[in-house]
Amino acid sequence: MDTELIRLLMVFGVLVANSYTDVRYRTVLGGDRHYACVGAAGFALFLLGGGWADTGALFGLAAGITLALVLYRCRAVASGDCVVLLVVSVTLPAASGVPFLPVLAGLLGVTALAFAVVGYNVALNVSHMAGLYRYPAAGRRPFAACGTTGVLKKAAAFFAAHHRRPWERYVIRIDDGRGGFSLRATPAGTRRWEKGGGEGQLVMVAAPVIPFLLVSVILLLLLSPPVLVA
């Protein structure tokens, strides 16, 4: 029995629904028990479809679970993102000729997210320096008010952080209130701020991870060799 299409629809359902909630609320839809049931159903369908005899798929499953736990342990993703990646790993470890699908999608998604965040921070900091938009109390240079912070740390912050803009609602505050800041942020520190509150404070953007994971899965499936898809 070929269960790949069913499992593919399950994965897309989870990713699409959580992409919306991740963008809108920076959270996943439902709780751990829900995803335990979805993951168990996906794993059962995987075994029913002959996955137990597919060595490559089994390796992809184990590698996907490992990657999800490593990313969570390194604080690269939040617990909700980790749970979603685990569901993808046990439900669709390989599909349409793409081996190690969860690993490739996870690495591609996190890498694309990192480049997007860096580009976003650089754009805001350059606009600050150019005088297009800057927090008045911060001066012409970003992070100039952080007198207790070293030059190298400020240079790193140019790519990793920015002064909060009034339209941003989900950010991680890194200003310690004593003229310095810490770049050791965690997704668990995400805070929802109403528009206009906390403008100019040093923050890291709390970017949604799951939409990047969804796009990565779609790209990998579309770019898979046609002969294998058939």
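User: Which residues is arginine 165 in contact with, leaving aside its neighbours within four places in sequence?

Analyst: Happy to start there, with a word on the model first. This is a predicted model, in which local features need pLDDT of at least 70 and side-chain atom pairs count only at pLDDT 80 or more, while totals for chains, interfaces and linings use all residues. Residues are numbered from 1 along each chain as its sequence is written, and side-chain values use heavy atoms, with hydrogens and water left out. Taking contact as heavy atoms within 4.5 Å, and setting aside neighbours within four places in sequence, arginine 165 touches Leu124, Ser127, His128 and Tyr133.

User: Is arginine 165 buried or exposed?

Analyst: Arginine 165 sits in the loop between β1 and β2. Helices here are DSSP runs of H or I with at least four residues, strands are runs of E with at least two, and both are numbered from the N terminus. Buried means under 20% relative accessible area, exposed over 50%, and partly exposed in between, using a 1.4 Å probe and protein chains only. Arginine 165 has a relative accessible area of 1%, so the residue is buried.

User: How far apart in space are arginine 165 and glutamine 201, C-alpha to C-alpha?

Analyst: In sequence, 36 residues separate arginine 165 from glutamine 201. In space, their C-alpha to C-alpha distance is 8.6 Å.

User: Which residue in β4 is the bridge partner of isoleucine 172?

Analyst: Two strands pair if DSSP finds at least two bridges between them. Strand β1 (residues 162-163) pairs with strand β4 (residues 202-205) in the antiparallel sense over two bridges, and there histidine 162 stands opposite valine 203. Strand β2 (residues 170-173) also pairs with β4 in the antiparallel sense, over three bridges. In β4, the partner of isoleucine 172 is methionine 204.

User: What is the angle at which α5 and α7 pack?

Analyst: Two packed helices are described by the angle between their axes and the distance between the axes. Axes are lines fitted to C-alpha atoms, for helices over the stretch in contact, and angles run from 0 to 180 degrees between N-to-C directions. Helix α5 (residues 101-129) and helix α7 (residues 210-222) have axes 8 Å apart. Their packing angle is about 125°.

User: How many nonpolar residues are there in the contact of α5 with α7?

Analyst: Among the α5 residues that meet α7 are Leu101, Gly106 and Ala116, and the α7 side includes Phe212 and Ser216. Ala, Val, Leu, Ile, Met, Phe, Trp, Tyr, Cys and Pro count as nonpolar, Asp, Glu, Lys and Arg as charged, and the others, Gly among them, as polar. This contact has three polar and no charged residues, and the nonpolar ones number 11.

User: Why are α1 and α2 called roughly antiparallel?

Analyst: Angles under 35 degrees count as roughly parallel, over 145 as roughly antiparallel, 65 to 115 as roughly perpendicular and the rest as oblique. The axes of helix α1 (residues 4-25) and helix α2 (residues 32-48) come within 9 Å. They are therefore roughly antiparallel, since they cross at roughly 155°.

User: How many nonpolar residues are in the contact of α1 with α7?

Analyst: α1 and α7 pack at about 145°, with axes 8 Å apart. Their contact includes Phe12 and Asp22 of α1 and Pro211 and Val217 of α7. By class there are two polar and one charged, while the nonpolar residues number 12.
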